[in-house]
Structures are given as C-alpha cells and as structure tokens.
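Dear colleague,

Please find below the structure that I am handing over to you. My notes on it follow directly after.

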Amino acid sequence: MKDSTLVHCTMNAYKPMCSSIEAEHGTARPGTAPAMAVRNAARSHREKQSKSLSRDRIQPIIPHVRLILAQRRFPVAVLLALCVALLLPGTSEAHAILLRSDPAKDAVLSVVPHQVRMWFSEALNPAFSTAVVESGASERVDHRDAHVSPGDATEMDLTLKPSLPPAVYVVVWRTDSADDGHVLTGSFLFTVARPDGTVPTLSGGTVPGQHVLSGNTLTGQYSGELDGPTLFNLIMVTLVELGAVFWVGAQLWLLFVLKPSAEDHAELSASNQQVQQRFEQRFSLPTLLLLLFVNVGVLLGQAMSITGGNFAAAFAPTLLGALVTSGSFGAFWLMRMIVILLAMGLSLYRLQVYRLRPGTRLRLASSFTLWANLVLGPALFIAIAMSGHAAATSGNTRVYALAVDWLHLVAATLWVGGMMFIPTSYLPILRRSPVAERARSLVTMLPYYLPWAVAGVIIMAVTGPFSATVHLTSWEQLLSTTYGRALVVKILLVGALLLTSAIHVGLFRPHLKKEVKKYAHVLARSQASRATAEPNRLEKLIAQQVKLREGRLAKQTGRLTGVLRWEPVLGVAVLVCVGLMNVFAGTLSPIAPAVQQQQTTGTSTAFTTSVRTSDSKFTVTLTVDPNRTGPNGFTVSVVDTTTDTPITNVGISLYTTILDMDMGTDTVNIQPDGKGHFSGRGDLVMGGDWQIRIQLRTPDNRLHEAIVKILTPY
C-alpha cells in the first residue's frame with residue numbers, strides 16, 4: 001500500500017508533498033488528525049505551486065506584453081501630437097496679398113489724394129511691412145510714414161505730400177505676414193488727371209518704382225539661384241532637420257529597440273547599456289547644442305529675407321528682436337528654443353545620473369527621461385512644421401499641409417534617424433565583441449527596429465505625394481523649377497535607399513542568420529567532442545569546420561555592417577534634398593537661362609509671343625515690357641486667322657496668375673490705344689512662372705481665350 005501510494009504521488013506532479021509525508025507516517029487513514037494535517041499541507045503546497053507555475057508561465061511573455069504596450073503608446077502619442085498640429089493653425093491665405101486699395105489700382109483721379117490705404121489678406125507684421133509712393137519721374141512723394149493701422153492689422157496706410165501735380169504714380173509695397181512670416185512685394189498705379197480732364201501717361205520705357213525697397217529684388221530663395229543668403233538658409237534648415245531627426249530617432253531606438261531586446265534577451269543587456277551610454281555621453285548633448293546654434297542661424301536667415309540678402313543689416317539687434325517678438329514665425333522659433341533647452345536639461349540630468357550606482361533610481365530616471373524626450377520630439381517637429389513653408393499654403397490645404405509635413409518628419413525619424421543611430425552608437429560598441437557575438441547581436445537586435453523602419457517608409461510613401469501636390473501645380477514644374485528638380489533627386493535617392501534596405505533585409509540578414517545557426521551547431525559538436533573525448537581525427541575535422549564557419553560568419557557580418565554603416569549617407573542626402581525643397585518652396589521659381597538671368601542686373605528685354613485662341617479663330621500677339629518684377633506694360637494685337645486682318649472691334653481682358661505660389665488671379669485693364677492695338681499697365685508682383693489668360697469678347701458676345709505662359713526674371 002505504501003509503495004503504491006508513493007508511486008501514485010510521484011507520478012502526480014501537483015502533489016510532490018504526498019510521497020514524503022506518507023513515507024514518514026505510513027499510510028494515513030482518512031478521518032485521523034495526521035490525515036487532516038497531510039491534506040491541509042498538501043492543499044497549501046498545491047496552491048503555492050500553482051501560483052509559482054502561473055508566474056513561470058506568465059514571466060516569459062511579460063517582455064512581449066511590455067513591448068506591445070509600448071508600441072501602442074507611441075501611436076497614441078503620434079495621434080495626440082497630430083491633433084495638436086491640426087488644431088494649432090488657423091485658416092489663412094498663402095501670403096499677405098493685396099486685396100484692395102484706396103486709390104484703387106489703375107484709378108484716374110480728378111483730386112489729389114492725401115493718403116494711400118491698402119488692405120491685405122493677412123495680418124501684417126508692422127516691423128517689416130512698408131510702402132513707398134513715387135511719381136512717373138521716380139520722385140518719392142510720400143511722407144515716409146507707412147504703418148499698419150492700429151485698428152486693423154490687415155490695413156497699411158501712408159500719407160502723401162500736398163499739392164502733387166497731375167501725373168502717374170506708383171505705390172510699391174512690401175508685406176511681412178504675421179501668420180507665416182513670409183515676405184511679399186508688389187505695386188500698382190494710379191493717375192491724377194489734369195484740370196482739363198486729360199490723363200497723363202508714362203513716357204516710353206519708363207518703369208517707376210523699379211528701384212525702391214531694395215529694387216524690389218529678392219534673394220535666391222525666390223529666383224532659384226543658390227546665392228550666399230540662400231546657401232546660408234539651406235545649411236541652417238538642413239542641419240535643423242538632420243539634428244532633430246537623428247536625436248528623436250535615437251530616443252525611439254533607446255525606448256523601442258534596445259529596451260525590449262534586452263528584456264527578451266538577457267545576454268544583450270550589458271551591450272545595450274553601453275550603446276545607450278555612448279549615445280548620451282557622446283552625441284545627445286552635442287546634437288542639442290548644434291540644434292541650438294543652427295536655430296539661431298534660421299533666425300538670421302529670416303532676417304536676410306527681410307533685408308534682401310544684406311548680411312550686415314540682418315545682424316541688427318533691433319531687427320532680430322522684432323522677428324522674435326512679432327508674428328507666428330517668432331512664436332514657433334521660440335517654441336523650438338524652449339524644446340531644445342528642455343531637452344538639454346534632461347540630457348545634463350542623465351549625465352549626472354550615470355555617476356550614481358545602478359539601481360532603482362537610475363532605472364526610474366532612465367524611463368522618465370526617455371518618455372519625456374519622446375514628448376519633446378513631436379513638439380519640436382510641430383514647431384519646425386509651423387515655421388516652415390507649409391504654413392504658407394492656402395487656407396483650404398494649410399491644415400493638411402502642416403499635418404503632412406509633421407508626419408513626414410516623423411517618418412524620416414523612424415527610418416533615417418534610426419539608420420543614423422546604428423553606425424554612430426550601436427556598431428562601435430558591437431565592434432568590441434567577438435565575431436560570433438557580433439553576428440548574434442545583429443540578427444537578434446535588427447528585427448526589433450524593422451517594424452519602425454517599415455512604418456516610416458509607409459508614412460513617407462503616403463505623405464510625400466500629398467506634399468508634392470500641395471506645392472506643385474503641374475508636371476512641368478518637376479523639371480522646370482528648382483523645387484521640382486530637388487524633388488526628383490529626392491525620389492531617386494529614396495528609391496536607392498529602399499533598394500539598399502531591401503538588399504540587407506531580404507538578402508544579407510537571412511544569410512547571416514543561417515550562418516549563425518550553422519556556426520552554433522558546429523560549435524556545439526566541437527564542445528561535445530571534447531567532453532566525450534572522441535578520437536583526435538574527428539576532433540580535428542570538427543575544429544576545421546568551426547574555423548571555416550567562423551570565417552564565413554565574419555564575411556557575412558562584415559557585409560551587413562558595411563551596408564549599415566554607409567546606408568545612412570543616402571538618408572542624409574535625402575534630408576539635404578528636403579532642405580533644398582524647403583528653401584526653394586517659397587516660389588518654386590525656375591532657374592532662368594543665362595540670357596534671362598542677365599536681365600536682373602542689365603537692361604530688361606520685353607517678352608513677345610503669338611498664340612492662337614482655343615478655337616483657332618484668332619491669333620493674339622502679347623508683349624510684356626519690360627517683363628520684370630513690378631509695373632509692366634501689356635500690349636495685345638489680334639488678327640483674324642482666316643483672313644489675316646487685324647481686329648480692333650473686340651473687348652480684351654487679361655488675367656495674370658503666378659503659377660509658383662497660390663496668390664490668386666489679378667486683372668490688367670486693357671484699352672484700345674488708337675494704333676490698332678490694346679494696351680494697359682499692370683503688375684507682376686514677383687519673378688517666376690506666370691500664366692496670362694487673354695480673353696476676347698467679339699461683337700456677337702462670344703468669348704475666345706488664349707493662354708500664354710511667361711517666365712519673369714527678377
């Protein structure tokens with residue numbers, strides 16, 4: 001009986017106490033005190049064993065649960081930050097565009113006005129918005145008192161000198177939008193008639209207002225030329241994005257790659273801790289210091305836009321102070337600075353914590369600062385997007401453009417930022433390990449990064465085309481504009497980056513994983529042969545296999561680490577293209593041919609072309625003189641296509657639209673000039689691609705249209 005009980009209890013894994021207790025007391029009979037004690041003890045042990053077994057079953061999946069929870073927190077954080085990005089911006093027009101004026105554009109007045117009033121589509125920054133009034137003889141006739149109206153931030157006024165003679169006058173204005181910080185210039189004409197009712201005209205070749213407000217010239221950001229100010233802006237903008245993408249990408253690596261991999265694989269804990277310390281001690285604070293420095297450079301670049309590329313004037317303390325304290329650009333620039341300074345404080349705190357002994361305090365500090373940095377990262381991206389050119393898009397698409405820019409930065413962080421972390425912080429620590437440990441670490445660690453990289457690729461693939469459609473108005477601009485050409489290069493680089501990633505994920509990494517398994521198998525055989533004292537011949541053969549596998553393992557490891565080391569170069573090149581697109585997105589203006597570029601400093605050449613109407617019934621000849629930023633003369637001649645005879649009994653309307661920016665459509669008042677042509681004066685407020693729609697109304701009240709595209713130099 002005793003033996004059978006022992007056998008029964010031994011076979012029952014849930015009652016290990018039974019055999020020992022009954023072995024000591026014999027066969028316990030039911031109802032006796034010893035039997036009750038045995039049953040109670042057995043029950044108590046079973047409960048403890050059940051709890052222990054539950055812990056043993058749950059413990060292995062805890063790291064996976066933590067990773068899942070962490071991965072769920074990050075999308076929630078992304079969605080919350082996206083909601084902030086959607087709620088922060090208001091709806092506004094693309095830039096501060098002139099809506100109406102008093103006197104009105106091309107007005108003919110019988111009485112000299114005492115002031116000029118202008119109303120724009122956005123609130124104006126009073127520090128940098130101004131206007132000038134000149135006569136046809138290029139004499140300044142205002143009191144130099146242009147100011148934004150105290151009661152209406154969209155209105156700018158200036159007073160005129162008394163007793164102005166009858167003449168043609170030009171109003172040249174420059175606005176700095178308080179919403180997006182972008183600068184725009186323009187002009188319009190009005191005329192004071194003579195006492196006898198005759199209307200003065202401009203003498204041939206006269207272009208009043210051509211040289212006021214720095215000659216109406218803009219930096220290379222608008223001309224598509226990589227001049228000094230534009231190059232400076234490019235460097236600053238690119239370094240801001242590079243630094244932000246690298247720093248935030250490193251936080252994602254520390255939190256979502258190193259931490260879960262160390263929890264799942266205890267052998268990686270020590271090396272992962274070294275990787276984290278290397279980044280925080282060598283790269284975190286220097287990267288933030290660089291961001292602080294180049295953010296000041298971004299402010300200087302904005303000042304150069306105000307001063308027309310004048311370096312000396314851009315450093316004026318009053319100008320820089322006004323930029324910081326006025327307009328949304330200054331507000332979001334300050335937001336960048338605050339986020340960077342907070343991150344620097346956390347980085348300094350981490351460096352101090354590393355001096356303490358490892359323990360609960362260090363773990364709590366590490367977890368807190370990592371999550372705090374993860375909050376600061378999206379906030380920094382919001383500030384970058386809000387002070388970028390997406391903030392200058394039109395009201396219908398502005399919110400979406402800002403959200404897309406923000407998501408594009410997040411995508412670059414997940415993909416390119418993680419790539420940059422690998423050669424700077426991870427591979428140098430890995431290099432200290434033997435080749436076998438190096439290979440095992442690579443095949444174990446990289447799968448934790450893969451889902452985040454794939455997420456970045458998907459987000460970039462979705463947001464990239466949307467961003468392009470916001471800024472580009474036609475397929476032609478892909479090749480005819482600086483922005484478009486930078487976009488094409490970026491697309492090619494992203495394709496090369498995808499191909500490189502596919503090669504190392506789909507080819508190099510699986511081969512390395514197979515070699516790791518083969519090496520582990522041969523190594524296990526070698527250790528077994530030594531333990532069993534097998535014949536020397538077999539032991540030598542296995543040793544040769546170990547050496548062979550180790551060589552192949554080193555080769556595969558070298559191939560993979562080589563790709564990982566140079567792959568981020570393509571990512572950096574992609575971000576340089578993003579910087580080019582950011583700098584040149586102001587107008588998307590194409591680089592003019594050499595002959596046209598000479599017009600910016602020499603004598604302007606009139607633009608003349610002939611086109612047929614859409615129904616081919618008329619041939620229209622359009623002349624724009626001098627075809628330069630500011631006031632221009634427009635002359636139209638119409639010929640019947642069938643009879644080849646001039647037509648003068650039609651009404652002509654011209655509609656001008658800048659293709660490089662959403663600024664609406666303007667009209668040019670065209671009247672018969674008594675010489676068989678139709679002429680008038682209008683403004684091309686900036687250089688770039690213009691579309692001029694010529695509308696003819698014949699006596700039978702039918703409309704005939706022709707489209708002319710013109711490149712206006714600066």
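**Findings**

Ser149 counts as buried because its relative accessibility is 15%, where buried means under 20% relative accessible area, exposed over 50% and partly exposed in between, with a 1.4 Å probe and protein chains only. Please note that this is a predicted model, in which local features need pLDDT of at least 70 and side-chain atom pairs count only at pLDDT 80 or more, while totals for chains, interfaces and linings use all residues. Residues are numbered from 1 along each chain as its sequence is written, and side-chain values use heavy atoms, with hydrogens and water left out.

Ser149 is located in the loop between strand 5 (147-148) and strand 6 (155-159). Helices (H or I, at least four residues) and strands (E, at least two) are DSSP runs, numbered from the N terminus. Leaving aside residues up to four places away in sequence, Ser149 touches Glu155 and Asp157; a contact means heavy atoms within 4.5 Å.

As for the chain as a whole, the protein has 18 helices and 17 strands. It consists of 714 residues, of which 50% count as buried. Among contacts with a separation of 6 or more, 70% are between residues 24 or more positions apart.

Next, a pair of helices. The axes of helix 8 (residues 269-307) and helix 10 (residues 317-325) come within 10 Å and cross at roughly 110 degrees. Axes are lines fitted to C-alpha atoms, for helices over the stretch in contact, and angles run from 0 to 180 degrees between N-to-C directions. Helix 8 is therefore roughly perpendicular to helix 10, a term that covers angles of 65 to 115 degrees. Leu299, Leu300, Gln302, Ala303, Ile306 and Thr307 of helix 8 meet Leu319, Leu320, Leu323 and Val324 of helix 10. The residues of this contact comprise eight nonpolar, two polar and no charged.

Four strands make up an open sheet in the order 13-12-16-17, with antiparallel pairing; two strands pair if DSSP finds at least two bridges between them. Strand 13 (665-668) and strand 17 (703-712) stand at the edges with a single partner strand each, so one side of each has no neighbour in the sheet. On average, neighbouring strands of this sheet are turned by 25 degrees against each other, direction ignored. Strand 16 (residues 688-697) and strand 17 run antiparallel and are joined by 10 bridges. Asp689 has Leu711 in strand 17 as its bridge partner.

Yours sincerely

Definitions and conventions. Angles under 35 degrees count as roughly parallel, over 145 as roughly antiparallel, 65 to 115 as roughly perpendicular and the rest as oblique. Ala, Val, Leu, Ile, Met, Phe, Trp, Tyr, Cys and Pro count as nonpolar, Asp, Glu, Lys and Arg as charged, and the others, Gly among them, as polar.
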